[in-house]
Number of protein chains: 2
Amino acid sequence: MAGSRAPTLSAIAGEAGVSVSAVSKVRNGGTDVAADTRARIARLLRQHGYQVASQTGFAVADLLIGCLDSPWSEELIRGAVEAAAEAEVSVIVTTVSSPAGFARWLDRASRRGTGGALCVLQLPGSQELQRLAAARIPLVVIDPPEEPGAAIRSVGTTNWQGGMQATRHLIELGHRRIGVIGTEAVWSGRARLAGYRAAMLEAGLDIDERMVRHDGLTAAGGRAQARRLLALRDAPTAIVAGNDSQAFGVLQALAERGLRAPLDVSVVGFDDVPVASWATPALTTIRQPLAAMAAAAFRMLSGDLAAVADEPHHLELATSLVIRDSTAPPRGR
Amino acid sequence: MAGSRAPTLSAIAGEAGVSVSAVSKVRNGGTDVAADTRARIARLLRQHGYQVASQTGFAVADLLIGCLDSPWSEELIRGAVEAAAEAEVSVIVTTVSSPAGFARWLDRASRRGTGGALCVLQLPGSQELQRLAAARIPLVVIDPPEEPGAAIRSVGTTNWQGGMQATRHLIELGHRRIGVIGTEAVWSGRARLAGYRAAMLEAGLDIDERMVRHDGLTAAGGRAQARRLLALRDAPTAIVAGNDSQAFGVLQALAERGLRAPLDVSVVGFDDVPVASWATPALTTIRQPLAAMAAAAFRMLSGDLAAVADEPHHLELATSLVIRDSTAPPRGR
DNA sequence: GGTGAGATTCGAATAATTTTCGAAACGGGC
DNA sequence: GCCCGTTTCGAAAATTATTCGAATCTCACC
């Protein structure tokens, strides 16, 4: 099919006026070829249907995701895929939910080769980290579930500021009794809760510990804890949710009691996943630039194959408040 | 690092008691090696850290998605990734939104090799199909936007039945004035609308053409058309949306007018994406087994490298009605 | 401007791997 | 048994990768 077969390297070497060695070296990304010579040879090689291993860079990168259930992942995938496409890199998406799954992935990845891994997981544990290092697979962690150590490169967002922004927004609207739902299970969750506390203290408001609820970052978790908050005698007039899924759950709990957002209770989410604007009412939320995070993580991965030492090891992107329709001043103000 | 470097092929050949040629052939999936010899050599090769090209099967498959904005894609990715993982295959996800983008993907894919492509696009056009064929890349289309021809393998769902199920459910609840929002732009949309018509006729109900609205499968589209439906003098008591995004938009339009689902108007979605259950009220919808579709498509791809001829070329998975809280009998019944 | 240590670039020689091709072994059908 | 086609294998040839020394360049230092 598809015409004549590829000519041999020596034919190409002749055409380019260099030795076969040089051509071979260009083909596999060898180092000792001058830039212009390399370019000339590479062009010829490609012309004849060879693929040229670009000396820097790689063909595929891996994105490891713990669970592919939240709209979260979608944004991340999009960010990673698009950033990678610009660099002519393909992204392999894998779900990894157990150490065994990780091992299976690692096995496949080292067989086929990979330029590096972006992890969005309940962390690769120390075992996994060792294996990655042994297989010489670079790693960047997105939204690290534990405080990122110096040994691991990671990308996150300003969760603490985000928690503050959300709470401050409500305080500025005039709310005083503000509930919060979150999780202590991951680092980012702890930071968001701390942001809430900081904003309350800053405004001179007392923190009622009954108003601080912990649960999973799911709609069900949000609904369960919102029910408890709403059942309090001094029910909050506003609720800060741990993420948008929880916020959806809060909206459901409100509807159950015949309450309306934002008339009766204001709600702030966290993430700004695409569906946040589909909610009724459209959700006021703290925007995490998920796609940008993934893109940044990819660039970290690809950028510093050379300069690992002097690059920053943890990058934090800014969150921002997106005001939609689920927040308003409290009743009677 | 990591211990000694890989021994040469001739060393391995010696260890296995065969010629270097045989070892080389096993390494690249050559054909003329007996099964047991191959196994022995392969084991040794792997032991020494070589990767062995499995002669059947492939290492990566490509999933091409038009837009990665809907919760749609997430389910599909999950299905494909999980089915592929079972077959020890990695899935490369790429967004392709233009012919140029397709060309760039094809370029990369043919460089690095791929076992085949799963497409969820506004179709690869005939040009693209030719190029795929030229590059010998097998193809399966998911949810084909045009009536699937005999030349293309595809996986879809029973959209016509789905449209019927949704409409029938509302009729059985007692609704008579039922609006529908959908799209004629894609084949599945046309089938769903036809299902609506069929169910109405079956029940002996007249179809008011003002009740049949067309718009994009987005929340904005759903909101816009729902506004029009609700503005009618004889506004519908129930609305069948073209997908879940549109249904979210319908819920917003209802809230705008101070109406409540399902008390004032019942709403049925289509897809059953994970967020459907987060809506307020939780969305009654037609479940498309998106993950199963992607998994089936992957199996089609991998299954019949041999038996292309006698396999079915279009597979249709069943939709089912998922009743949640957004539908109820009409007021006054 | 000279000098020399070190880095870069290159290709001949050498090593390793892949491919070709013919021979040996096998398996029925007649 | 004989013939014909098929499978399996490895020696030889072709191709590709790597090593290493020579040539050239760079630049600090005198």
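Okay, let's start with one residue: A:Ala247 touches A:Gly222, A:Ala241, A:Val267, A:Gly269, A:Leu283 and A:Thr285, leaving aside residues up to four places away in sequence. By touching, or contact, I mean that the C-beta atoms of two residues, placed from the backbone, lie within 7 Å.

Before going on, a word on what we're looking at. This is a predicted model, where local features need pLDDT of at least 70, side-chain atom pairs count only at pLDDT 80 or more, and totals for chains, interfaces and linings use all residues. Residues are numbered from 1 along each chain as its sequence is written, while chains are lettered from A and ligands numbered from 1 in the order in which they are written.

Back to A:Ala247, which sits in helix α10 of chain A. Helices (H or I, at least four residues) and strands (E, at least two) are DSSP runs, numbered from the N terminus. Is A:Ala247 buried or exposed? Buried, because 30 other C-beta atoms lie within 10 Å; the cut-off for buried is 20 or more, with 12 or fewer for exposed and partly exposed in between, C-beta atoms again being placed from the backbone. A:Val18 is 229 residues away from A:Ala247 in sequence and 65 Å away in space, C-alpha to C-alpha.

Now the two chains. Here 36 residues of chain A are in contact with 36 residues of chain B. On chain A's side, α4 (71-86), β2 (90-95), α5 (99-112) and α10 (244-256) give two or more residues each, and α4(A) gives the most, with eight residues. β2(A) and β2 of chain B (residues 90-95) run antiparallel, joined by three bridges; strands pair if DSSP finds at least two bridges between them. In that pairing, A:Ile92 stands opposite B:Ile92.

Last, confidence. pLDDT is the predictor's confidence in each residue, from 0 to 100. Chain A has a mean of 88, and 92% of its residues reach 70 or more. Among its elements, helix α6 (residues 126-134) has the lowest mean, 80, and strand β8 (residues 238-240) the highest, 98. Over residues 305-310 of chain A the pLDDT is below 50, and this stretch has one contact beyond near neighbours in sequence.
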